[in-house]
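Have a look at it first, and then read on.

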Amino acid sequence: MRLVWIYPDLLSTYGDRGNLLVLERRARLRGLPVEVVEVNSDQQVPLDGDIYLMGGGEDLPQVLATRRLQADGGLHEAVRQGAVLFAVCAGYQMLGTEFGGADGQPLPGLGVLDISSCRGERRGVGEILADVDPELGVPRLTGFENHQGVTRLGRDVKPLARVVTGVGNGDGTEGAYSGRVLGTYLHGPALVRNPGLADLLLTWAAGQQLPPLPPPAEELALRLRDERLAAVPVQ
Amino acid sequence: MDTTLPGRSRLPIRARLATTVGGAAATVSRLAGKGDGSVIGGVISLRLEPDLLSLLAAGRQVVLVTGTNGKTTTTRLITAALSALGQPIASNVYGANMEAGLTSALSRAPDAPLAVLETDEKYIPPMIKATQPKVVVLLNLSRDQMDRAAEIWMLARRWREALAAAPGCRVVANADDPLVAWAASAASAVTWVAAGQRWREDSWCCPNCGAHLLRDGDEWTCRECGNRRPPVSWVLSDGNVVDPAGRSQPLGLALPGRANASNAVIALAVAEAFGVGVDSALAQMRGVTSVAGRYTQVQRRGTEVRLLLAKNPAGWLEALDVMVPAPVPVLLAVNAQTPDGRDTSWLWDVDYRRLRGRPVLVGGERRMDLAVRLEADDVAFRLVDSIDDAVDVARSPRLEVLANYTAFQQYRAVVGRTE
């Protein structure tokens, strides 16, 4: 299992490493050999990754990272070849056809997902709860969002979830997915409180159902998850 | 300098009234046991006279100290160094670092010709305008409480614009932090200090053009736009300060850690701008043992407990360096109240692997967040309910405590304020 973290030098704003660590741990606990590759913005994106991760970033780094990934072309090629791609926050917006730049002006995105984003009126900051598309078999999402983006979904994607509490895409939906590309406004270490989502990505990459983890290995993550679910009021 | 002293009697009558009423409110708040009262006092004063801060700052020599980490300690060290001048100094020693806190610090010391003011990094532009400082100190810039703070590239740009518009002020800046250096380079006069940079996760790329920076030791260079580390005149080198004349001597601080050595070298560069030499400044700075409860050692049920405060990943990284090594047990505590930032994501930016193999206790309101984080780094730990619980579980002559803001305040309230 090859995990590729795209541009930690530009797209690692708030605990984004957490997603890498969670995937790595959950794969290892199941006996899958794991290799982690961190690709900086002055390096080529490798084509042979199984799961690609993109984190959050401030406005300017987001613009720079998009420009570099577009010129590099490796991420597009890997996705065409069937790799899994998981992107949060700024990384999620970048995957679309368009997003809002540092002064709110529309800028071209990577065009990997059929979504388009722009700058909204207010910043959405706080805990978010959202119920995942039943087809994905993942329980309710719990996370933290901190963004000013409004994202419209096109015909070729499905919403990842329906917002229970929080802002998400801005129209009651949260995140988007198509094939094995999945993006969300849950920022930073989104997979920490959502082990089900982590396992969905690992299952896609492995191409087969994975055995459940032994309960003690899950205990702390599930306690944290339950604590946060209980702490956040359902709107 | 004495002829331009602000003195209360020189203030316009409304400003004088404002400081009196604000001072009374502060006293009431203090007596009610609600902190030191500087915020409420300042807020009330400013409502009566919105220009109070500039009126109070007029005629004084002001130093503003800002950065993500080390503001309170550096403010204290500069204040200690400048005490060699033998004149009263106004300072917001308890860390109330927005307009109300600065106003309150100045109105409490109407006759002080000098002021050393810790300033929140977001408020530097208006505070430069209001206080017309002689020196602005820029320590470092890294991710911190992004649920309420501005993004740091944006902050660096605002600092830059504010300094470009303040030609009379000297900047003392850490040349080893690329974001800080980029902001400071817009000022007309800069004293560059090689103060080191332990946390680099926010400065892999050029703040000027965004290209990946070439890093070689402390040097950093941008291949694309030519932005690079400026030549330095003060250097921190293995616990020694090297002054602009090339003389090296040990800092010999009572305060622990690399971060404080870095703060001290910056304080020495500020002292020089006021004509205070290294020897006299150091003699005063060495007497600083604890800053607003940080680094305080207290006895608790027979255990010597040391409290460290750090609020963000860069601060935690430095604090983990400062800790007495294994086998002394460590208590880590995290809250996520508003002053801490409501988002605990930052816990994932800290590398805890060096804690492997030593006794680790985990407390605070968000201890489960920390527990899951430590598990991912294969660090064994035990959950505790309180600082006394930790002392009981640790059963050790010493206990090192690292907590973020409100967790630190809660523990400090239990073990007693010693300052």
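Helix α9 of chain B is largely enclosed by the rest of the structure, because 13 of its 16 residues are buried (a residue is buried if 20 or more other C-beta atoms, placed from the backbone, lie within 10 Å of its own). This is a predicted model, in which local features need pLDDT of at least 70, side-chain atom pairs count only at pLDDT 80 or more, and totals for chains, interfaces and linings use all residues. Residues are numbered from 1 along each chain as its sequence is written, while chains are lettered from A and ligands numbered from 1 in the order in which they are written.

Helix α9(B) covers residues 258–273 and reaches 23 Å from its first C-alpha to its last, close to the expected 22 Å (1.5 Å times one less than its number of residues). After α9(B) comes B:G275, with a positive phi near 80°.

| Domain of chain B | Residues |
|---|---|
| domain 1 | 2–285 |
| domain 2 | 297–414 |

The centres of these two domains, taken over C-alpha atoms, are 28 Å apart. Where they touch, 15 residues of domain 1 of chain B are in contact with 14 residues of domain 2 of chain B (contact means C-beta atoms, placed from the backbone, within 7 Å).

What share of the 419 residues in chain B is buried? Buried residues make up 54%. The C-alpha trace of chain B spans about 60 × 60 × 40 Å along its principal axes.

Note on methods:
Helices (H or I, at least four residues) and strands (E, at least two) are DSSP runs, numbered from the N terminus. A residue is buried if 20 or more other C-beta atoms lie within 10 Å of its own, exposed if 12 or fewer, and partly exposed in between; C-beta atoms are placed from the backbone. Domain bounds come from an automatic or database domain assignment. Two residues are in contact if their C-beta atoms, placed from the backbone, lie within 7 Å.
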